[in-house]
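This report describes one protein chain in plain terms. Look over the sequence and the structure before reading on.

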Amino acid sequence: MSDYVIPQDLLHEAVQLAGKKSELSIRDMLIRGILAGAFLGYATALVFMVLSQGLPPIAGAIVFPVGFVILVLLGLELVTGNFALLPAGLMAGRVSASRLVRNLFWVYVGNLIGSLFFALLFFLAITNWRTGNGGAIAELIKQAAVKKTTGYAALGFSGWGSAFIKAILCNWMVTIGTMMALASRSTVGKIVAMWLPIMTFFALGFEHSVVNMFLIPSGMILGAPISVAQFLLWNLLPVTLGNFLAGALFTGVALYLTYASALRFTASATSIPATAQSEPQAAFATSPTLNPM
């Protein structure tokens, strides 16, 4: 059996996965969202540890995808990936609009809680329970946090627009990574496929809402002169909107539109009366390539 999953089958898997995600309980969405936020915080902290040792930024980008790989292989919930999967499921009729909103809301909340929790633990770790200043890594985090908030605020509308565009460019790649996790049947193949687009967005310095849920609050806890209002208005709001737009339109809807006819063909082919299941969504019931997210 070939390790590679062709795009038509990949979309089939994505739609099925979207349906499963939309049916999760609130408890599961919160737990999986919290863990995903924390693990992405780990990856971001790792990047700044690398940078604090004087290595070039590309080194940080190379190691950053570890967090994404961990959360995907564990089947956790990352809202920026769901920004593509759930709209594709909606287009296919596998996910209702109310279920889409429900999933995105609770996963977003979970990601935020996990990111903030890890930010607090990380602060206590690098400051030796508030007895130190965190050293070089703390300074780099504060500088990055200021650049991503008051740095944009200083530019006015242009700063808000810049954050929004960088968020679009970021989550275009992140959601491609989400889809490419389904492009292989092997664990190694999934890791490599995910690594490429995630490394790309981070190396280019674009804006990811969940990464910023850890990074900016960490800078604030460490003493960066940033208010909660500045964090929300000049970063989290435009970045979340940009991430959603890119994931929904540029990945989820775009891939559905170009492969929708193949998806419909698959659905009709798997519902031949002699072997069909009675449920309308039987075409999405089983597949050997399903990623256990």
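Helices (H or I, at least four residues) and strands (E, at least two) are DSSP runs, numbered from the N terminus. The structure is a predicted model, in which local features need pLDDT of at least 70, side-chain atom pairs count only at pLDDT 80 or more, and totals for chains, interfaces and linings use all residues. Residues are numbered from 1 along each chain as its sequence is written, and side-chain values use heavy atoms, with hydrogens and water left out.

**The chain as a whole**

The protein chain contains 12 helices and zero strands. Of its 293 residues, 49% count as buried; buried means under 20% relative accessible area, exposed over 50%, and partly exposed in between (1.4 Å probe, protein chains only). A contact means heavy atoms within 4.5 Å. Among contacts between residues at least 6 apart in sequence, 83% join residues at least 24 apart.

**Helix 1 and helix 5**

Two packed helices are described by the angle between their axes and the distance between the axes. Axes are lines fitted to C-alpha atoms, for helices over the stretch in contact, and angles run from 0 to 180 degrees between N-to-C directions. Helix 1 (residues 7-22) packs against helix 5 (residues 79-91) at an angle of about 100°, and their axes are 8 Å apart. Helix 1 is therefore roughly perpendicular to helix 5, a term for angles of 65 to 115 degrees. On the helix 1 side, the residues that meet helix 5 are A14, V15, L17, A18, K21 and S22; their partners are N82, L85, L86, A88 and G89.

**Helix 9**

Helix 9 (residues 157-180) has 24 residues, so at 1.5 Å a residue it should span 34 Å; its end C-alpha atoms are 35 Å apart, which agrees. The expected span is 1.5 Å times one less than the number of residues. G159 lies in this helix and is one of its buried residues, which also include A163, I168, C170 and M179. The relative accessible area of G159 is 0%. The C-alpha atoms of G159 and T149, 10 residues apart along the chain, are separated by 8.9 Å.

**The loop between helix 6 and helix 7**

N128 is placed in the loop between helix 6 (97-126) and helix 7 (135-147). R130 is found in the loop between helix 6 and helix 7 as well. Each has a positive phi in a residue other than glycine.

| Residue | Phi | Relative accessible area |
|---|---|---|
| N128 | near 50° | 57%, exposed |
| R130 | near 70° | 61%, exposed |

How values were computed:
Angles under 35 degrees count as roughly parallel, over 145 as roughly antiparallel, 65 to 115 as roughly perpendicular and the rest as oblique.
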